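Visitor: I would like to learn how to read a model like this one, feature by feature. Where do we begin?

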Amino acid sequence: MKVSIVGAGYVGLVTGGCLADLGHQVICIDNDAKKVATLNAAGLPIYEPGLQELMARNRAEGRIHFTTDMAQAVEHGEVIFIAVGTPSQEDGSADLQHVLAVASQIGRHLKKFKVIVNKSTVPVGTAYRVQKCLQDELDKRGISDSLFEVISNPEFLKEGAAIKDFMHPDRIVIGLDDSPNYKTVHQKMELLYSSFNRHHARTIWMGVRSAELTKYAANAMLATRISFMNEIANLSDLLGADIDSIRRGIGADQRIGHDFLYAGTGYGGSCFPKDTRALIQTALDCGSQMKVVTAVENVNDQQKTLLVSRLVQHFGEDFSGLKFAVWGLAFKPNTDDMREAPSRVIIQELLKRGAHVSAFDPLVSKEGSEAVALDTKNKDVMSRFNMAESAYEAAQQADALLVVTEWKTFHHPDFEALKACMNQAFILDGRNLYDPHMLEELGIAYQGIGRRNQLALNFKAGRHLRKLEETST
Ligand SMILES: NC(=O)c1ccc[n+]([C@@H]2O[C@H](COP(=O)([O-])OP(=O)(O)OC[C@H]3O[C@@H](n4cnc5c(N)ncnc54)[C@H](O)[C@@H]3O)[C@@H](O)[C@H]2O)c1
């Protein structure tokens, strides 16, 4: 089938590459000419494991092409995906300017019937707005024929495992409302995704509004699990319990499952923060409230500063003269995406308190400096920040090491070498990678998340525990 994809970002490129790999004829269009030039020169504007090989294979077979020409893309695709960004606006709602601009651009070039598929994460009602933009353009040209159907097909891939997620979906959600085109559109989408439905039907059909809301509900549910575990972890610290044992203890319950139960420095990335915010705003627009999701967001905001609060407890409010190493800048391993990464909040807090910061990330280097500079907006402050060439270079003379992203390369460091090169052997493990007992034996001060760190630090918790012990004897 001939498919066009508007937006050559993480979602658009993975969708395009994977559909081409299934044999479809794909054109990816982006209005960023630099990105398209990179793609046409056999490069990639983003990092995603396996994508380079996938693209090379399909370029060589002539199944995927890249362009900035909307007329060509609209002419080509029977199905046209919209996969452009929907960032947060000031009030938290989703900014639909890119989606609606694309709809108008498509409308200007429509000559025959096309299925327009919203793959971007968009609030309920967006399909209707896209439809209106398309129709307005047709009206301007005096075309009254029904030349399109707008449907919703939210994307559930995870950066870092995007190709696997796309090629082995748990489900494909398609929102399609009743219309004279229903049968045609249903058939086209069935055909497009037929490779995924051979073993058993993975496509879940529903109305457009339900599909739009399904995406937000899924992300809000996953964010809730993370914030919930972070709260339990923080309580574990106070009570002398161990979050890792608790995680295994509750994950074994099949109703709960093991995924998304890891405590850490909070969630980030291009989806959870903006999607929870947009969901909260949608409810407010309806005169309602998302109380759970609002709490999830508040817990997450606090969790991002947890490691810095620990440093304040240890070193005091002023970090002047101290140097901290930060391992991991990307919001999670196997991606170069730094959008809303916890590392950015942590680094800003450290710099604000006068510290020197040396950071290392296996993938993000130049982009890391650029993101920190963007947040800092001050050359003098930036002079206290540097990107190191290696994890050990970052740790040189550091007064503490903060592990923020769980890249595999950080799983088994040479602790003796770290101890020897650091000014103070102190590790704040924001991803619970290390064995607290082993580090204690090595003479390295250690704090994880929810691993009995703060007993001595909280008077109320100490008194509560002593009371418990007294009543049990
Ligand atoms: N990144 C993820 O993991 C993920 C997962 C599921 C869903 N989503 C959703 O998918 C959508 C896209 O996300 P992304 O991470 O791929 O974004 P992205 O920022 O990586 O890519 C968006 C692309 O759209 C292009 N673009 C913007 N306006 C355009 C226009 N008028 N014409 C042509 N191209 C245009 C941009 O240049 C950019 O290359 C968002 O709504 C996001 O919430 C993202």
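Visitor: Is phenylalanine 260 buried, partly exposed or exposed?

Guide: This is a predicted model. Buried means under 20% relative accessible area, and exposed means over 50%. Phenylalanine 260 has 27% relative accessibility, so the residue counts as partly exposed. Its place is in the loop between helix 10 (243-251) and helix 11 (272-285).

Visitor: What is the phi of phenylalanine 260?

Guide: Start with the general idea. Most residues other than glycine have a negative phi. Phenylalanine 260 is not a glycine, yet its phi is positive, about 60°.

Visitor: Which loop holds asparagine 432, and what is its phi?

Guide: Asparagine 432 sits in the loop between strand 13 (426-429) and helix 19 (436-442). Its phi is also positive, near 50°. Asparagine 432 has a relative accessible area of 16%, so this residue is buried.

Visitor: Now a strand residue. Where is asparagine 386 found?

Guide: Asparagine 386 belongs to strand 11 (residues 385-387). At 33% relative accessibility, asparagine 386 is partly exposed. Now set sequence against space. Asparagine 386 and serine 358 are 28 residues apart in sequence, but their C-alpha atoms are 5.0 Å apart.

Visitor: Next, a charged side chain. Is arginine 451 buried or exposed?

Guide: Arginine 451 is buried, because its relative accessibility is 14% and the cut-off for buried is under 20%. Its place is in the loop between strand 14 (445-447) and helix 20 (459-472).

Visitor: What does the side chain of arginine 451 reach?

Guide: For such a residue, look for polar partners. The arginine 451 side chain reaches the backbone oxygen of tyrosine 434 at 2.7 Å. A polar contact of 2.8 Å also joins the side chains of arginine 451 and tyrosine 446.

Visitor: How many disulfides does the structure have?

Guide: A disulfide is a covalent bond between the sulfur atoms of two cysteines. A search of the whole structure finds zero. Take cysteine 28 as a case. The nearest cysteine sulfur is that of cysteine 18, 11 Å away. The pair cut-off is 2.5 Å. Cysteine 28 is buried, with a relative accessible area of 1%. Cysteine 133, at 16% relative accessibility, also counts as buried.

Visitor: Let us turn to the ligand. How many residues surround the ligand?

Guide: There are 27 residues around the ligand. The closest are Asp30, Lys35, Thr86, Glu159 and Lys274. By class, the shell has nine nonpolar, ten polar and eight charged residues.

Visitor: How much of the ligand does the protein bury?

Guide: Compare the ligand alone with the ligand in place. Taken alone, the ligand exposes 830 Å². The protein buries 91% of that area.

Notes: Residues numbered from 1 in each chain as written. Predicted model: local features only at pLDDT ≥ 70, side-chain atom pairs only at ≥ 80, totals over all residues. Heavy atoms only, no water. Near = heavy atom within 4 Å. Areas by Shrake-Rupley, 256 points an atom, 1.4 Å probe, with all protein chains shown as cover. Nonpolar A, V, L, I, M, F, W, Y, C, P; charged D, E, K, R; others polar. Buried < 20%, exposed > 50% of the residue type's maximum accessible area, 1.4 Å probe, protein only. Helix = DSSP H or I, 4+ residues; strand = E, 2+ residues; numbered from the N terminus. Polar contact = N/O pair within 3.5 Å; in protein donor to acceptor, adjacent residues only side chain to side chain.
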